[in-house]
Amino acid sequence: MTLSFIALGTGDAFSAKRYGACLAVEHREGDTSRWLLIDCPHPIRKLLHEGSREVAPGLDVGSFDALVLTHLHADHASGLEGWGFFHRFALQKKATLLAHPSVARDLWTHLQPSMGWLLDARREPVAMTEEDYFDVRTFVDEIELGPFRIEARTTWHHIPTIALCIHAGGRCLGYSADTAFDPALFEWLAASDLLVHEANLGPAHTPYATLAALPADVRAKIRLIAFPDDFVPDAIEPLREGARVEV
Ligand SMILES: [Zn+2]
């Protein structure tokens, strides 16, 4: 059994060179793979195509058991419309979406203007609901799906946001999502085998210098995500889009 992930997007909200933060997490047992998508920036199928090309060719929307949504900022969630429409029209099933209640609460407000109406065969408008596209499963502390056990904690960010610990195959992947540096949250995340952590500017993000000042053995298990384009970290390894990382 193995737990690994592909970094599909490693950029921040203003990135000109990289996609928004997005991970494809794989649990593999023998020949059987199960996949979780962590966040969903636009254009998600292009992220999947380019990010998987060298390490998991053919990975596409239909490969995933579920999407886990950390929050509704566009660099993490702008692909939700395409994700929902692709499930309905191409896959003809609902998209399973796992989210904290505080994140799920605003999901349809976010999507209704563009997904709330469809024309039927007579070109008559038909009102659509969130449930027509998504099977939303809310969870506060943890949820299980297939081989995955997903734990959540809320973060310090502009809008409701969750950090994650994803357990499968006896390993644990931590993901800070977007957050100011929160010592208690960090301690919880740092119990993982590998921790993907943001580093960015402003009061709702974690300064790189804070992470770079951590002990070497802690830094060794961190991989950076959502850092600015022109930033070159020297003390912590950054994630690279299209690379697979074993947890
Ligand atoms: Zn954010």
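The protein chain of this predicted model contains 9 helices and 16 strands. Its radius of gyration is 18 Å, close to the 18 Å that the globule rule gives for 247 residues, so the chain is as compact as a globular protein of that length. Along the principal axes, the C-alpha atoms of the protein chain fill a box of roughly 65 × 45 × 35 Å, and 41% of the 247 residues count as buried. Where contacts in the protein chain link residues at least 6 apart in sequence, 60% of them join residues at least 24 apart.

Seven strands form an open sheet with mixed pairing, and their order across it is S8-S5-S4-S3-S2-S1-S16. Strand S8 and strand S16 stand at the edges with a single partner strand each, so one side of each is left without a neighbour in the sheet. From one strand to the next, the twist averages 25°.

The residue ranges of some of the elements involved are listed here.

| Element | Residues |
|---|---|
| Strand S1 | 2–9 |
| Strand S2 | 22–29 |
| Helix H1 | 44–52 |
| Strand S8 | 134–138 |
| Strand S16 | 244–246 |

At the S16 end of the strand order, strand S1 pairs with S16 in the antiparallel sense over 3 bridges, and within this part of the sheet isoleucine 6 stands opposite arginine 244 in S16. Helix H1 packs on the sheet, where it touches both S1 and strand S2, and the direction of the helix makes about 120° with that of S1.

Terms used: Residues numbered from 1 in each chain as written. Predicted model: local features only at pLDDT ≥ 70, side-chain atom pairs only at ≥ 80, totals over all residues. Pairing = 2+ DSSP bridges. Helix = DSSP H or I, 4+ residues; strand = E, 2+ residues; numbered from the N terminus. Axes fitted to C-alpha atoms, helices over the stretch in contact; angles between N-to-C directions. Contact = placed C-beta atoms within 7 Å. Rg over C-alpha atoms; globule rule 2.2 N^0.38 Å. Buried ≥ 20, exposed ≤ 12 C-beta atoms within 10 Å, placed from the backbone.
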